[in-house]
Amino acid sequence: MIDQEAQQSDSPEGQQCQVANVESEVFAKAGDDPAAHGHLQGQGAVPAELAPLRTSWLFGWLNQRGVMIVLLVESGGRVLIDHNVRLDWPEEEPTWIRSLVSSLDRRYVSVSVLPLTTCAREIIEWVNLASGEDAWRKAQNRGSLAADLQQSLDALGAHTGRYLHSASSRLSVALTSLNSAGRAVLAQPTGLRTSAEWAELLQAAEELVGLVGTDGAIQAVWSDLVGVARGSGANRLEFREMVDLLHAQLELRRRDADAVLSGVAHLLAQDLGGRGLPVEDGTKQLLPPDKRVEFAEKLLLEPAKIEDIVVWLGYRGVRLTEPMGGGRVAFMDAAWYIPNARPDGPDFPFKAELEHIVENSSLRYPELIDEEPTVELLVRVDLAKTTATGARELATGIAEAVLDVGTHWSGGTRPYQTECYILQDGHLTVQSWSGGTRKAIDDPHGRIAIGDAIKDYASSLFSALETNTLPIYLKAALEAQTSADQPYSRGKMSSRVTDVENRALIPLEDRVVQHIAAYAMMAPEDFFEELIAWWPAARWEADVHRATTMSLMSIGENQARCDQLKRKLYSSGPTSPWLVFVADHAKEISNLCKVESDKAWVTRVLASVDDTQAYAELHNEYTQEAQIIAERRKRARNAIVHGNPIEVQAVDSVTEFSRFLSQTAIRVGLESFMTGQSVRMIVDAENDKNNYLERKSVADYWRQGTTVSI
């Protein structure tokens, strides 16, 4: 029988039972026969006081981490309903235990106080990623971070406050010190924050996050929570604030926090229809409240289990013509691998794992041509020794870094995940589905285009990801660029990009450049200047392509010759670089141009491919243009962010320039990550090439056989 991830449901049927992943040796005993006892064996020994639970509760093997309790009582009723309310509490049960149980349901009441871990992690993210004029230099932002931190500290109970006092005080002092450090320190960009104030704040926040996840901190929060329950009652939702922090602590320990808290609630509320639990002398009674609280604390302190974790992900919207990777990350075409994952099928890497999944799950590829597959791409991610909790998110982050690159360079519609299978020590323990019934976009060419882009542009990522994780700055840049690519993707071809979408792209693309600058340890202003200096050469090449395309329209008496030239120009096996071809046929291509209004411009642009003087003149014009557009882009970006007026036409006029900056930054960042070269080295090499082109014709440069792209 296979573990299956519980699917949440708001329907009455979905609420007929509550499921809790206990993850604890409190509830099961190693060596028991599951068939004989009606439940599955767990990992450890059952305390004598809890032995009756094993005959009173129905156990199910339904989750990735251990025993799942399906709360069905012998009489067919439920112990707890919404808000962890129990309708049949015994009369002798104290009120405080009822309060404690109901406080553990976080679904219906929320508070504005952030858990201390959230505040500390946000400070870490701001130190690492937040840059620009609207980040640390704004007193309002710094004041808001300080106010949130103080509010979270004020919400701590007495035990927790004492336990975390030293670390929390250090963080408060470090934040105050940075806030008063002065403009020079606050203006330091990400990647170049070398002042002692930044290092102290980062270390203090990381120390606090680490301390909050320890056994001592969990015991302190639990003691405070029990203390509030035993008191006269919370009058400002102290329960919620403490339970939110407890939930965050469990997440820090890589445990399924919702399931653990649910398990604690049911442990505290143990009973079967008010009849009590059997004990050794044959009578039925509840365990004493203090004993239940003690065992609940043990359950909270259970460590996450470390295992060999392998995650298989299924995606729709992309087709690979050949497998990619093969070590830590492997991409496979589902149409071939799933049907061949059978004992008599051909051998291939990781066949045993996939065969095990196919045998013990619903993973299939349709046999009939008119059936739509739920999976078109399989991605295998080996996470090595880690916990199963959060494994899907980790694997998805690695897989989608590659998919983001393929989607970006192909212009395709982003693939979406439909299935997930997790192997723990080689055994399938989780299978889940998300979106398998979603209608796929009917774009066969786009799916193959993404696959080809992965092969052509992202293949180098596989070897890099074998030994390194994607740096945070590069990951953030890819995520921002993927969002910016969406309005221009193949999925949007049937609709016009709206003015609202265009306005939203400029700040996103600005963030891409800033993230790559941080990855390069360069000031954002300096990196922007480097990219802007590349615009003239890029704009020139784009204009050569426009002029060539405009001239070779297949119309009129010269249609046959235009078609012949285009076949040579766009051949999959060209005999020379395309710019050399244009230089060799520049005069003929110019004469074929039928657009009389632009014919003089076409002639000038095409002649510049093999004319150093003509190229220099155009380059100077584009350089002046770049400075004006760069300032306009900055003005548009600030207007969009702050809600100031900006004309639609002004936004449209900088769209191409803004996309050039972000896409070039992504290319440089990925090249640095994949080759191991510094961004500075790549930038210097590009500058050397552009300087060389100003002294020698582009055609001669390419005739020498160089493979460097312009």
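**Notebook: charged pairs and cysteines**

I began with Arg106, which counts as partly exposed because its relative accessibility is 32%. I note here that the model I am reading is a predicted one.

Next I looked for the partner of Arg106, and I found that Asp244 forms a salt bridge with this arginine, the closest N and O atoms being 3.0 Å apart. Asp244 belongs to helix 11 (residues 238-252), while Arg106 sits in the loop between helix 3 (95-103) and helix 4 (116-129), so the pair ties together parts of the chain that are 138 residues apart in sequence. Is Asp244 buried or exposed? I wrote down that Asp244 counts as buried, since its relative accessibility is 16% and the cut-off for buried is under 20%.

I then turned to a second pair, in which Arg170 and Glu207 form a salt bridge whose closest N and O atoms are 2.8 Å apart. This pair links distant parts of the chain, with Arg170 in helix 7 (residues 165-179) and Glu207 in helix 9 (residues 196-212), 37 residues apart. Arg170 counts as partly exposed at 28% relative accessibility, and Glu207 is partly exposed with a relative accessible area of 37%.

Because Arg680 lies in helix 27 (residues 679-693) and Glu530 in helix 20 (residues 524-551), the pair ties together parts that are 150 residues apart in sequence. Arg680 counts as partly exposed at 34% relative accessibility, whereas Glu530 counts as buried at 17%.

How many salt bridges does the count come to? I recorded 29 salt bridges. I also noted a network of salt bridges that links Arg539, Asp543, Arg546, Glu625 and Glu656.

Last, I turned to the cysteines. A disulfide is a covalent bond between the sulfur atoms of two cysteines. The count of disulfides comes to 0. Cys562 counts as buried, because its relative accessibility is 1%. I checked Cys119 as well, and this residue counts as buried at 4% relative accessibility.

How values were computed
Residues are numbered from 1 along each chain as its sequence is written. This is a predicted model: local features need pLDDT of at least 70, side-chain atom pairs count only at pLDDT 80 or more; totals for chains, interfaces and linings use all residues. Side-chain values use heavy atoms; hydrogens and water are left out. A disulfide is a pair of cysteine sulfur atoms within 2.5 Å. Buried means under 20% relative accessible area, exposed over 50%, partly exposed in between (1.4 Å probe, protein chains only). A salt bridge is a side-chain nitrogen of Lys or Arg within 4 Å of a carboxyl oxygen of Asp or Glu. Helices (H or I, at least four residues) and strands (E, at least two) are DSSP runs, numbered from the N terminus.
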